[in-house]
Amino acid sequence: MTINISTTSVSDFLKKFKAYADDVSDLNEPLIITRANQKNVVFISEQDYNSLQETTYLLATSANRNALQASLDQLNRADGHVLTPKKWTKIQHDDND
């Protein structure tokens, strides 16, 4: 997965805010706004922000990290189980009985 990251100055960003906001939102590509003394900021879409928040939440505890790693290990060993829509419907039906 390649992420294109563009940069612009504060003054250019302010002049072209709507165009930059549309591009960031539509393309989900971050924009670095350069500032003096390396105090740059990154402008991202709400979708990207929510994704970062979700990832941070999922990785916040060692229990979650261990469970995710165990799932990845199981998948890499081809030791997982495929849950088809038909099986899911059956599980839901069985749980309601």
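How many salt bridges does a search of the whole structure find? Please take me through them carefully, and then through the parts around them.

Reply: This is a predicted model, in which local features need pLDDT of at least 70 and side-chain atom pairs count only at pLDDT 80 or more, while totals for chains, interfaces and linings use all residues. Residues are numbered from 1 along each chain as its sequence is written, and side-chain values use heavy atoms, with hydrogens and water left out.

The search of the whole structure finds three salt bridges, a salt bridge being a side-chain nitrogen of Lys or Arg within 4 Å of a carboxyl oxygen of Asp or Glu. As a general point, side chains of opposite charge can pair when their charged atoms come close.

One of the three joins Asp12 to Lys16, whose closest N and O atoms are 3.2 Å apart. To say how open such residues are, a relative accessible area under 20% is called buried, over 50% exposed, and anything in between partly exposed (1.4 Å probe, protein chains only). Asp12 has a relative accessible area of 17% and is therefore buried, whereas Lys16, at 43%, counts as partly exposed.

Another salt bridge links Asp22 with Lys18, with 2.8 Å between the closest N and O atoms. Both residues belong to helix H2, where they sit four residues apart, about one turn of the helix; helices (H or I, at least four residues) and strands (E, at least two) are DSSP runs, numbered from the N terminus. Lys18 is exposed, because its relative accessible area is 59%, while Asp22, at 32%, counts as partly exposed.

In helix H5, Lys90 and Asp94 are likewise four residues apart, about one turn of the helix, and their side chains meet in a salt bridge of 2.9 Å, N to O. Lys90 is exposed at 51% relative accessible area, and Asp94 is partly exposed at 37%. Helix H5 covers residues 85-96 and also contains Ile91, which is partly exposed with a relative accessible area of 36%.

Strands of a sheet pair through backbone hydrogen bonds, either parallel or antiparallel. Here an open sheet of three strands runs in the order S1-S2-S3 with mixed pairing, where two strands pair if DSSP finds at least two bridges between them. Strand S1 (6-9) and S3 stand at the edges with a single partner strand each, so one side of each is left without a neighbour in the sheet. From one strand to the next, the twist averages 30°; axes are lines fitted to C-alpha atoms, for helices over the stretch in contact, and angles run from 0 to 180 degrees between N-to-C directions. Strand S2 (residues 31-34) pairs with S3 in the antiparallel sense over three bridges, and Ile33 has Val41 in S3 as its bridge partner. Helix H2 (residues 17-27) packs on this sheet and touches S1, S2 and S3, its direction making about 70° with that of S3; contact here means heavy atoms within 4.5 Å.

Leaving aside residues up to four places away in sequence, Ser45 touches Val24, Ser25 and Asn28. The side chain of Ser45 also reaches the backbone nitrogen of Asp48 at 3.0 Å.

Key: Polar contact = N/O pair within 3.5 Å; in protein donor to acceptor, adjacent residues only side chain to side chain.
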